[in-house]
Amino acid sequence: MRRKLAAGNWKMNGTAAALAELETLTAKGAPENAQVLICPPSTLISRAKDVAGDIISIGGQDCHANQSGAHTGDVSAEMLKDAGATHVILGHSERREDHNERDEDVRIKAKTAWDAGLVTVICVGESLSEREADNTLDIIGGQLAGSIPDGATGENLVVAYEPIWAIGTGKVPTLSQIGDVHDFMRARLERRFGEGVGRTVPLLYGGSVKPGNAPEIFAVSNVDGALVGGASLKANDFGAIIAALDAS
């Protein structure tokens, strides 16, 4: 059985006051059929873990390829783990675009994160021009091959499909388009890692997921949850998305 996962990416949002939203979410208790993950700014990870306890998992939004060294301003996977994180997001489109991260960079970071005992949420997704040129599956296939190291399992890897053109825009691919990509990703993972592993890696959809569209998205083939941006900042909105996943 694949685990269902509702993951919230707070991005560069949140100070100590934002932990009140996490408190509200935690007070609802753990869903029966899904795991919940919040990835706050690194400055809040330790305090978020104290608030979330065992109800909600806490993750980082990125880590350095090295575990230590002269890398001013960076955070290592071991530091995230030490602060209470269990997961780390890698290869998000905003990292790929703003910091020129390549698939190779993501792959090296993922191996480092695994060595530190973190679960990696590796992001893939196409631009609008790539979608319009009908290159989506070629782009996704290349990102999967280049970003995921050998040694992936259903325990150390989550893959999130986030079409770049849908992140924070309110635009959402059709359910058929989401299904096509998720079915393609499942097949590629099974082909590379074998059915035993390929069938157990959770696949998330991300890109303008909201309480109103979450139930229909979670009904799509091979969608095991969501990576949520803005809607994860408010307990009521994210709580509704979690409830929809729990009921799917």
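A residue counts as buried when its relative accessible area is under 20%. By this rule C63, at 0% relative accessibility, is buried. The model shown in these views is predicted.

**View A. Cysteines without a disulfide.**
A search of the whole structure finds zero disulfides. A disulfide needs two cysteine sulfur atoms within 2.5 Å. For C63, the closest cysteine sulfur belongs to C39 and lies 12 Å away, so the two are too far apart for a bond. For C39, the closest cysteine sulfur is instead that of C123, at 9.3 Å, which is also too far for a bond. C39 has a relative accessible area of 0% and is therefore buried. C63 is likewise buried, because its relative accessibility is 0%.

**View B. Helix α1 packed on helix α2.**
Helix α1 covers residues 19–27 and helix α2 covers residues 45–52. Their axes come within 9 Å of each other and cross at roughly 25°. Angles under 35 degrees count as roughly parallel, so α1 is roughly parallel to α2. The crossing of these two helices, α1 and α2, is right-handed. On the α1 side the contact is made by L19, L22, E23 and T26. On the α2 side it is made by R47, A48, V51 and A52. Sorted by class, the contact of α1 with α2 holds five nonpolar, one polar and two charged residues.

**View C. Helix α1 packed on helix α11.**
Helix α11 spans residues 235–247, and its axis is 9 Å from that of α1. The angle at which α1 and α11 pack is about 35°. Their crossing is right-handed. Which residues of α1 meet α11? They are E21, T24 and L25, and they meet A235, F238, G239 and I242 in α11. By class, this contact of α1 with α11 has four nonpolar, two polar and one charged residues.

**View D. M185 in helix α8.**
M185 is found in helix α8, which runs over residues 175–193. Is M185 buried or exposed? M185 is buried, because its relative accessible area is 0%. With neighbours within four places in sequence left aside, M185 is in contact with V124, I140, L144, V159, Y161 and L203. D50 lies 135 residues from M185 along the chain, and the C-alpha atoms of the two are separated by 35 Å.

**View E. S93 in helix α4.**
Helix α4 is made of residues 93–98, and S93 lies in it. The relative accessibility of S93 is 10%, so this serine counts as buried. Which residues does S93 contact, leaving aside its neighbours within four places in sequence? The contacts of S93 are I164 and I167.

**View F. The loop between β7 and α10.**
Strand β7 covers residues 203–205 and helix α10 covers residues 214–218, and S208 lies in the loop between them. Phi of S208 is near 60°, a positive value in a residue other than glycine. S208 counts as buried because its relative accessibility is 10%. N213 has its place in this loop between β7 and α10 as well. At 14% relative accessibility, N213 is therefore counted as buried. Setting aside neighbours within four places in sequence, N213 is in contact with V172 and S208.

**View G. N222, with a positive phi.**
N222 is found in the loop between α10 and β8, where β8 is residues 225–228. The phi of N222 is positive, about 65°, although N222 is not a glycine. N222 has a relative accessible area of 17%, so it is buried.

**View H. G170 in the loop between β6 and α8.**
Strand β6 covers residues 157–161, and G170 is found in the loop between this strand and α8. Residues over 50% relative accessible area are exposed, and those between buried and exposed are partly exposed. At 49%, G170 is therefore partly exposed. How many residues apart in sequence are G170 and K210? They are 40 residues apart in sequence, and 9.2 Å apart in space, from C-alpha to C-alpha.

Terms used:
Residues numbered from 1 in each chain as written. Predicted model: local features only at pLDDT ≥ 70, side-chain atom pairs only at ≥ 80, totals over all residues. Heavy atoms only, no water. Helix = DSSP H or I, 4+ residues; strand = E, 2+ residues; numbered from the N terminus. Buried < 20%, exposed > 50% of the residue type's maximum accessible area, 1.4 Å probe, protein only. Axes fitted to C-alpha atoms, helices over the stretch in contact; angles between N-to-C directions. Parallel < 35°, antiparallel > 145°, perpendicular 65-115°, else oblique. Left-handed = near helix turned anticlockwise from the far one by under 90°. Contact = heavy atoms within 4.5 Å. Nonpolar A, V, L, I, M, F, W, Y, C, P; charged D, E, K, R; others polar.
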